[in-house]
Amino acid sequence: MASVSKLSNPKPVTYSSTAFASKSFQPKGLICFNNKTALNQRVSSSRLSVRSNHAFRTLVVRCSQLDGNGSQIKRTTLHDLYEKEGQSPWYDNLCRPVTDLLPLIASGVRGVTSNPAIFQKAISTSNAYNDQFRELVQAGKDIESAYWELVVKDIQDACKLFEPIYDQTDGGDGYVSVEVSPRLADDTRGTVEAAKWLHRVVDRPNVYIKIPATAECIPSINEVISNGISVNVTLIFSLSRYEEVIDAYLDGLEASGLNDLSRVTSVASFFVSRVDTIVDKMLEKIGTPEALDLRGKAANAQAALAYKLYQKKFSGPRWEALVKKGAKKQRLLWASTSVKNPAYPDTLYVAPLIGPDTVSTMPDAALQAFIDHGTVSRTIDSNVSEAEGIYNALEKLGIDWGYVGNQLEIEGVDSFKKSFDSLLDSLQEKANSLKLVNL
């Protein structure tokens with residue numbers, strides 16, 4: 001089982017020069033914020049672009065068609081986050097070339113999450129997918145089949161990069177997540193079959209199959225786990241649904257019949273910033289001083305209570321019986337960590353949620369901000385009573401947490417469906433143009 005002691009004393013990660021057979025890659029440089037000129041010199045060969053911000057200097061990994069070479073990098077706060085507090089920093093993005101992840105891995109990133117919106121942006125805005133897509137179209141593949149082949153290649157290549165972390169943590173970290181079709185969010189059986197198919201075609205030990213935490217997919221999570229497939233449960237917005245997710249994981253482990261559960265792992269992606277987005281609007285509508293004072297506090301308060309629930313559920317006789325078979329805890333993963341309100345601190349959904357055996361997946365802005373000026377200390381359970389007070393105060397003001405969770409789930413599923421459909425439409429247009437050129 002991945003314990004805090006194991007997390008706090010990681011072995012140094014090394015990368016083989018044969019990670020990709022065709023080329024040799026080295027971890028690329030990332031951090032040198034005090035001197036922008038020096039930073040530009042460090043990263044000019046690694047296809048990274050640097051831009052300055054009034055608050056702090058940032059480093060952005062840009063999707064491109066080029067591979068690059070890089071240099072040794074300095075330690076960052078991401079290393080401290082994992083080694084001192086047992087929280088794994090992951091990157092919430094994926095695009096080609098996946099070798100652009102190398103500088104991030106070197107700077108402390110330990111996993112990757114993707115979703116339909118991420119692939120919609122990556123594939124529709126880059127030419128890096130054109131050659132493979134052209135081959136697929138010419139081979140007679142339909143559009144959705146071609147889409148999945150593009151995605152599977154990215155996931156497989158990313159998994160290869162993170163294998164050293166996966167191996168050196170005995171399967172405790174180094175995962176890459178890929179989501180089943182968002183069209184299946186209300187289809188229990190379809191989700192199970194899609195998860196099995198993705199697991200089979202990706203065929204990597206460190207892949208997480210993402211399944212949404214909709215009511216229809218809770219039984220899917222149970223069955224997929226019972227089949228020995230590791231799962232990233234996504235789109236969790238409420239404590240009640242989170243408890244259902246934990247129970248589905250535990251039920252699945254128990255139903256698996258496996259004597260060794262050490263290779264069946266999971267994370268529960270609990271979304272954060274979107275909660276404040278909707279609750280803040282409700283508080284502004286209420287308009288009282290008390291209501292306005294609670295803006296920007298709902299999301300982290302609920303997250304702290306989720307961690308309390310996590311500690312409770314992964315203890316006691318039931319859990320200990322599973323531990324004896326090698327079971328690992330289903331780690332809480334903080335998702336939606338980017339700040340939506342520019343008035344809020346840019347590390348608002350990262351710094352207050354640090355705790356052992358958790359994951360924080362960060363898009364570019366949040367990752368850059370935390371590397372630049374984040375503070376590493378255990379914060380997630382530093383003041384649970386205050387979190388309970390905020391949660392209860394919001395209820396007293398008329399905030400219905402059940403409504404908030406349901407509404408955000410509907411919006412999340414709908415957003416991913418739109419991204420998925422939009423991408424398929426874009427690919428169809430591209431396929432049509434390719435056929436015209438071929439004629």
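**Close-up 1. Tyr242 is a buried residue, with a relative accessible area of 0%.** Buried here means under 20% relative accessible area, exposed means over 50%, and partly exposed is in between (1.4 Å probe, protein chains only). Rings of Phe, Tyr and Trp (its six-membered ring) pair if their centres lie within 6.5 Å; planes under 30 degrees apart are stacked, over 60 edge-to-face, and the rest tilted. Helices (H or I, at least four residues) and strands (E, at least two) are DSSP runs, numbered from the N terminus.

A quick note on the model: it is predicted, so local features need pLDDT of at least 70 and side-chain atom pairs count only at pLDDT 80 or more, while totals for chains, interfaces and linings use all residues. Residues are numbered from 1 along each chain as its sequence is written, and side-chain values use heavy atoms, with hydrogens and water left out.

**Close-up 2. Trp148 and Phe420 form a tilted aromatic pair.** A search of the whole structure turns up 15 aromatic pairs. In this one, the rings are 6.3 Å centre to centre, with 45° between the planes. Trp148 sits in helix H7 (residues 143-168) and Phe420 in helix H17 (residues 401-438), so the pair ties together parts 272 residues apart in sequence. Trp148 counts as buried at 10% relative accessibility, and Phe420 does at 2%.

**Close-up 3. Here is a cluster of rings.** Ring pairs link Tyr249, Tyr307, Tyr310, Phe314 and Trp319.

**Close-up 4. Asp170 and Leu235 each have a positive phi.** Most residues other than glycine have a negative phi. For Asp170, phi is about 55°; this residue lies in the loop between H7 and strand E5 (176-179) and, at 35% relative accessibility, counts as partly exposed. For Leu235, phi is near 60°. Leu235 is part of strand E7 (residues 231-236) and counts as buried at 2% relative accessibility.

**Close-up 5. A cis peptide bond joins Arg96 and Pro97.** Omega is about -5° at this bond. Look for Pro97 in the loop between strand E3 (87-92) and helix H4 (102-106). Most peptide bonds are trans.
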